[in-house]
Amino acid sequence: MTTLVFLEHHEGELLKPSLGVLSKAAELGGDVAGVVLGSGVRDLAAKAGAYGAAKVYVADAPELEQPLSQPRVDALAKLVSEQGFDSVLFAASVLAADVASGLSARLGAGLNWDLTDLVQQDGSLIGKRPALGDSVYVDVGWSSEPRLALIRAGTFDPKETGGEAQVEDFDVQFEDFSLAATMLEQAHAESEGPSIEDADVIVAGGRGLGAPENFKLVEELAQALGGAVAATRAVVDSGWYPYATQVGQTGKTVSPKLYIACGISGAIQHKVGMQSSGVIVAINKDPNAPIFEFCDFGVVGDLNDIVPKLTELVRQRKS
Amino acid sequence: MKIAVCVKHVPEGTTHARIDPSTKRLNRSGEGAINAFDTHAVEEALKLKEAEGGEVVVVTMGPQSAQDSVRKALAMGADGAVLITDDAAAGSDLVATTTVLAAALESEGADLILFGQQAGDSDGAVLWAAVADRLRRPVISQVAELTLSGGKVTGKRQTEFGYDTIEAPLPAVVAVSDAINEPRYPSLKGIMGARSKPQRTVTISELGVDGGAVGEAGSKTTVEALNDPPPRGDTVKIEDDGSAAEKIVDYLAEKKVL
Amino acid sequence: MTRPAEYPPPFDSREFVAAPSDSPDERIDVGVLIVGAGPAGLACAIRLGQLMEDDPSLAERLGEVPVAVLEKGKGVGSHLVSGAVVNPRGFRRLFRGRDVRIEDIPSFGPVQHESVYFLNSSAATRVPTPPTMKNDGNFLASLSQLSRWLAEQAEAGGAMILPETSAERLLVTGARTVGVRTGDKGRGRSGEPMPNFEPGVDVTAKVTVLAEGTQGHLTGVALDHFGLRGDNPQVWALGVKEVWKVAKPLDRVIHTLGWPLRGGRKYREFGGSFIYPMGDDMVTIGLVVGLDYRDAEVSVHDLLQELKTHRFVRKILDGGERIGWAAKTIPEGGFVALPRRLHAPGLLLTGDAAGFVNVPALKGIHYAVETGRLAAEAAVEALRPGRTPWTPGALASYDRSVRDTYVWNDLKRVRNMRQAFANGLVLGGAMASGAIATFGKFPPGNRPTEPDAEVELIRPKRSAKYPAPDGKLTFDKLSSVYLSGNKTRDDAPNHIRVRTDVPEELGLLWERMCPAQVYEVKEDGGETTVEVTASNCVQCGAITAKGGRLTPPEGGSGPEYTLT
């Protein structure tokens, strides 16, 4: 297997999800290379060696300075055709999705997305992904090479293996249409914390909070964890918190790594909006609340006692 | 100005959506509706038409029942529609689907091509970039605010890091996010008038696409198996005896989410 | 002790009657306007299509849009619920001499066997099938599915079907009904227009046919406005049903009486259950209970869950999976509760909305089809050259033809049976049998109905017996509402007219009664109030029978039934 991993970077750092995919590729075996595209990124490229890349290809060009997808398609198309990789892996992001998709068209190569695992099965590479709101898991494959895969961000953790990578430059000829779009203004660091759809951690409050003022407890815990605040339909209906934070069938669907549900009963209308979260912790006074059927760690107790203590402990741990 | 909007007809509601165990593909024979995310694209196209003049054409690839989604877009105010329907195209993956869509869009000659943010049935957010590559046009995705002026389209879009503003000359491909607008309700007149708006049905060969490039034959990905979701694992349930907060923190550390 | 009728809802029919206000450009003009795409409305549309085929000049007279059918649900069938065992008589007549075969009607096949059982908490005893419940020659179907097929036939005949469109007001000038005004879309919680606000529109027609089904909104308004109510008020039952995928095919149609309902004057829990096969791999099970029950804690949804725990029922559902749930009221007043007239100038009333349901036989679909067909004929009769449908008496031929059909005679024959059961199962059963044996001559006269909302409530702590939902055999209300496909937006205006400052007992009655958990009793500093979560509402209509009033919500909202 010869695998190329797209290494996304932002403000001078290789992104964790990309490094996680790189580590996974190393685990799957075969020749693993990374590719870093940008302007002034050679130093960054070398760092990928520590996570399992034997070689890192770099295309350093002013056309690649802004995080636009189409010039990257040009670069990867050239690299993949010349080097003959049989698999190209991406950690999903807004940019990566466009790059992978454009590459799929350019090379006529199959693309599977939203993968939560990649395995070797009977000599073939198989991707695993949830479908239909997590009610079924599908094994997907490829009928030709190269195989393109978009892996759900954060699925794999980076593992430092302490290796060194050989850095190799390559040139790119850009298509005219790839250079037509220009970025007038580029996004900077997070403003006031992540929106609930992007957050890795969400602390959500429901009717069990008792009163709108108690959302303060939820906010403080969210802040300590570096996460976002979400709400259930019931409390949004009652005007306790804005609709933009509503998680559920008629609100947003989220899948953070950690979801802490405070005073939420777990009715299905809410469950379908958050059931594929990584770890679900629930705090509720009612031992019969449905949420205890599908959470990972459930606490029957008074959130007014537990949440402030939890916030304090989290702050201590992080400092 | 001509705007083409790509819409998808998806099975109605996740409560009824089922995967057909024999084909391992989504059972699309039941009730369906226009992909909710695509209604934002239709709405945006209509707003642009209202501001700049021109025409809005809806393009969809799907079974005959996709007529319902097409009608909804026409009822909202689109001027015409193209339904690409062909048994040979059933089971097309991204590569096959975008081959067909690109062929259809090429013949429409639109200045602006709009897509919705993702498909409700496959959670894919990938169609437009592939189509843009085939059409050799610039693409802007996840656009939350769109402006058109002087032959250029400018999109303010959300990424993990905040908002980018990207500009591209027409003709261009733009995928809009669901934050961009609130789709209008079709008026009753609109619903009644939808029927008489021009609707073309085309087959794969009429588009000049080879049969081998579509359907399962033209797809480069496969569905191998369907499985039950992995069990969540045992739930730990405790009662607070004063130490619940500590226990939670320990659990989070153990699970490496802290 | 409280009676729901002591707290009437803030509702006045006059609010829903108006003159047309749109300009000629804005309004939509059609030939015959039908409100409701159920069996009555669609049969009417189909018959009109046939009459237009026979006489092309009719289509010309009806105009550019000869027939329009308004449907408030997301699609045809989205709001339709029934068992159902259908008597094909209505369809045979409707399609007589036409290019449609009865075999084409989507069904789950003819009824092959049937049994009636009397249940107590542990056993099921077979009892002889009452003559009114014999189902030879009838077929099994999903009404929701059947209606979609009917809609195709109607469209093929030239009708335009317009889903996601509610009919909110009756348009009347003078004594003449000239159409309906459709509901607004895009209003916020307090009624304020939102950015995508789309106002309703006046739809004017030469004849308006109301086929709204149980608790028809404009039908209720029309009965008030035109003084069409009969001497006896309508009464209703609430049916809650589920559709299950099953491991073993069910070979018979089953009805049960008795447990978990308590017969007798004290409780007045009149009703029973049905369990019907839907092909080899599905079954539908439902419980129907009259809304004149006295116990404030009766919850038909929970009684259905309790019913499923009976050994006899468990065996049928064993190894299966719940795939559908629905709730809807059924008019039970029968003959004595029919309106005194079924028409007004420019207006016709059909189907369940008018009360054409044979309760002892559990049949109403073929009456809906038959009355829908007759309405089409009356409309066309009144539209002959030189005639107009709004001159007094122009539509009287409808009333005459309905009185001549089996619909009228069937209902008359069984007219006192339901009321008999108010006296309890045993005595009621005897009276009912008497009624059947004498073809309705005994008991003599017309026994009156008592409005459901006048029934006095008692509180013997029934709810303690309901099973806790286990998520496999028994289920809670919220997950059931989810299964109905209900995705009504949370910030839509509340479409339920009900007083919220009511005694706790009444609030609890509603809390239990409603299968969709719309009403919740809340304590607010010593005062009890009722919180209404209108977006859960599946529009069953029960609240209208018990002190509130259901009005149509935004078109397209509510349940999205497909197999019910």
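Let's start where two chains meet: strand 18 of chain A and strand 15 (residues 236-239) of chain B run parallel and are joined by four bridges. Strands here are DSSP runs of E with at least two residues, helices are runs of H or I with at least four, and both are numbered from the N terminus; two strands pair if DSSP finds at least two bridges between them. This is a predicted model, where local features need pLDDT of at least 70 and side-chain atom pairs count only at pLDDT 80 or more, while totals for chains, interfaces and linings use all residues. Residues are numbered from 1 along each chain as its sequence is written, and chains are lettered from A and ligands numbered from 1 in the order in which they are written.

Within that pairing, A:Val299 stands opposite B:Ile238. A:Val299 is also the bridge partner of A:Ile283. That takes us to strand 17 (residues 279-284) of chain A, which runs parallel to strand 18 (residues 297-300) and is joined to it by four bridges.

Now hop over to chain C. Helix 1 (residues 39-54) and helix 9 (residues 365-382) of chain C pack with their axes 7 Å apart, at an angle of about 40 degrees. Axes are lines fitted to C-alpha atoms over the stretch in contact, and angles run from 0 to 180 degrees between N-to-C directions. Helix 1 and helix 9 of chain C are therefore oblique to each other: under 35 degrees counts as roughly parallel, over 145 as roughly antiparallel, 65 to 115 as roughly perpendicular, and the rest as oblique.
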